Amino acid sequence: MKRVLSFVLCVVMVVCTFASCSTLEEGDRGAIVTMYLTDEIYDYDPILAYTDAAAAKILSLVYEGLTRLDKDGNWEKAMMDSYKVIEPDSEEDGYRIQINLRSNKWSDGLAVQANDFVYAWKRILEPTTACEAASLLYDIKNARQIKMGDASVDDLGVYAVETYVLEIEFAEKEVDLDAFFRACASVALVPLRSDKVDSSDRWSKRASSMVCNGPFVVRGIDVGEELRLERSSYYYRDTESNQALDKYVIPYRLVVKYGYGDKEAQLEHYNSDDLFYMGELPLSAREDYASEAIISDSPVTHTYFFNTENELFADARVRRALSMAIDREALAELVVYADPATGLIPHTVFDADGKGDFREEGGDILATTADLSQAQSLLREAGVTRGSFSITVRDTEVDLAIAEYVANVWEELGFTVRVESLAPELEPTEEANQSDTYKDLFMEAYEAGDFDVIALDYQMLSSDAFSALAPFAAQFSGNGVDMESPDYDVFSHITGYNSEDYSAVIEEAYAAGSDSSAKTEKLHEAEALLMEDMPVMPLLFLQDAYIYKDDVLSGIKDTYWGRDFRRMKMHDYMEYKESIEAAESAEG
């Protein structure tokens, strides 16, 4: 009997090894899950993800960096297989590490190489590229000098010493590697293929011109109708062996529906079992679903940026007055899945040594209730009691609702305020055999500084506060330098804010290097100063909330920026697919 049992177990092990324990049913590639993941995005370039929580949720599914962050903000290995510190040969040599990459392929079957990281990081650091993530790389030798136009991009201390070995030389003798690896998890720092990015300025807007190295591939973009994300059959999978298609990614396709209409219509389809996951809920239903929804703090602060070059907002007292007039508790009640912002940095960011809560340690800097009397007093003191301006927002339900509330409050102060909602615009192509794309008018307005006040989901680029606070100092803004000016003038933050006092504090935080406690102390000082100058006005700490059919789906995992669907299973998916195919056949 024991021999028979042993034989059976051996057979099971062999079968599992041969099939890689596949969950697939015979003759099928896996489940197709229809969902409403998040709001639509119109550009899939990773360096744009910091202005939009929706972009971070989608791009974190299709790209993968050296590391990733778990739901608590701790880093874990992703493309990085292992690393080692290289002992310097002399005192002149810098601090170096070598990173061995895991074997992974792009969605077209080509191997992900160390050079793909070198290219992507150099692209961010080009003086002519605007990207707030640039300061995440400033620990690297010559990175800051390159961004300031004082060194060639070829001088960057990042090298592909072998095809799958990345070497990084740091600017200082000691580096907080834990913080650096958390920064490496940023969606902005993922690898990119030079042949794709350099081929067209629309490479990131078409599924046909994109390659991805994450668990899913952008297979189809039909603006206003649906986004199709498909399992990458190359994601860490050994295609030359018998590893199953679903060894690392179980679902075959995620179909993100937009054509059903507004979020209320989406919810109706969810309740009719046309959708199985809702990553955004309509405002009208949020209270009703509060007990059913899975709710957690997110690394996003809904923030208003002032154009400080606008004469109306040139005086910090005016900006503080406009902030004081807002009842953030009322706004949180309006949005439901949010908390009143008490500073710029939300509760998902670490304090010193990658521990604790930066927000709790820093305390409440901003009041959560309105003080109209003090606001009016400040305005009179500044000599500004009236004026006309606009609030620019994305064309989304939440952003519009917040803006309308804020506009009403500011009109009570005597201002004339217009809410300007910017939807995407069709961008016809003249290229043969290429589809039309869409211009994101909101991002164009933001990047050009063409706004009075603009509403952003200010996305934390890392679970460290430095990534969010440093860009308000000119040399850390990521906007580079004016290469045509005689002195290579540094472009300040997009708001026009350029404070010598604030920049000095950020410089001290940067100079603290691996001394995490000293660095964090300076970052708390920087945040307090920023909230005093108020070039940006935090309103809400947004929460992440979603619902799903738990009798149909399982295995969904939360991450720092959204969801991990790699191990998601759909029960009886063949039965569901057959009913869909039958319905489509009847319609056809």
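By class, eight nonpolar, five polar and four charged residues make up the lining of the second largest cavity. Ala, Val, Leu, Ile, Met, Phe, Trp, Tyr, Cys and Pro count as nonpolar, Asp, Glu, Lys and Arg as charged, and the others, Gly among them, as polar.

The model is predicted: local features need pLDDT of at least 70 and side-chain atom pairs count only at pLDDT 80 or more, while totals for chains, interfaces and linings use all residues. Residues are numbered from 1 along each chain as its sequence is written, and side-chain values use heavy atoms, with hydrogens and water left out.

I will stay with the second largest cavity for a moment. Its space is about 210 Å³. A cavity here is a set of points, on a 1 Å grid over the protein atoms alone, where a 1.4 Å probe fits but cannot get out; lining residues have an atom within 4 Å of a point. Points are joined across faces, edges and corners, and a volume is the space filled by probe spheres set on them. There are 17 lining residues, and closest to the centre are Leu-136, Asp-139, Ala-179, Phe-466 and Lys-519. Two or more lining residues come from each of α5 (177–183), α14 (466–469) and α15 (500–511). Helices are DSSP runs (H or I, at least four residues), as are strands (E, at least two), numbered from the N terminus. The largest share, three residues, is from α5.

Now the largest cavity, with about 330 Å³ of space. Of its 25 lining residues, Ser-60, Glu-64, Arg-68, Leu-69 and Thr-559 are closest to the centre. Its lining holds eleven nonpolar, five polar and nine charged residues.

Next, helix packing. Helix α8 (residues 316–324) packs against helix α11 (residues 372–382) at about 165°, axes 8 Å apart. Axes are lines fitted to C-alpha atoms, for helices over the stretch in contact, and angles run from 0 to 180 degrees between N-to-C directions. So α8 is roughly antiparallel to α11; angles over 145 degrees count as such, under 35 as roughly parallel, 65 to 115 as roughly perpendicular and the rest as oblique.

The α8 side of this contact (heavy atoms within 4.5 Å) is Arg-317, Val-318, Arg-320, Ala-321 and Met-324.

What angle do α8 and α16 make? The axes of α8 and helix α16 (residues 516–533) cross at roughly 95° and come within 7 Å. That makes the pair roughly perpendicular.

Methods: On a 1 Å grid over the protein atoms alone, a cavity is a set of points where a 1.4 Å probe fits but cannot get out, and a pocket is an open set with protein on both sides within 12 Å along at least five of seven lines; lining residues have an atom within 4 Å of a point.
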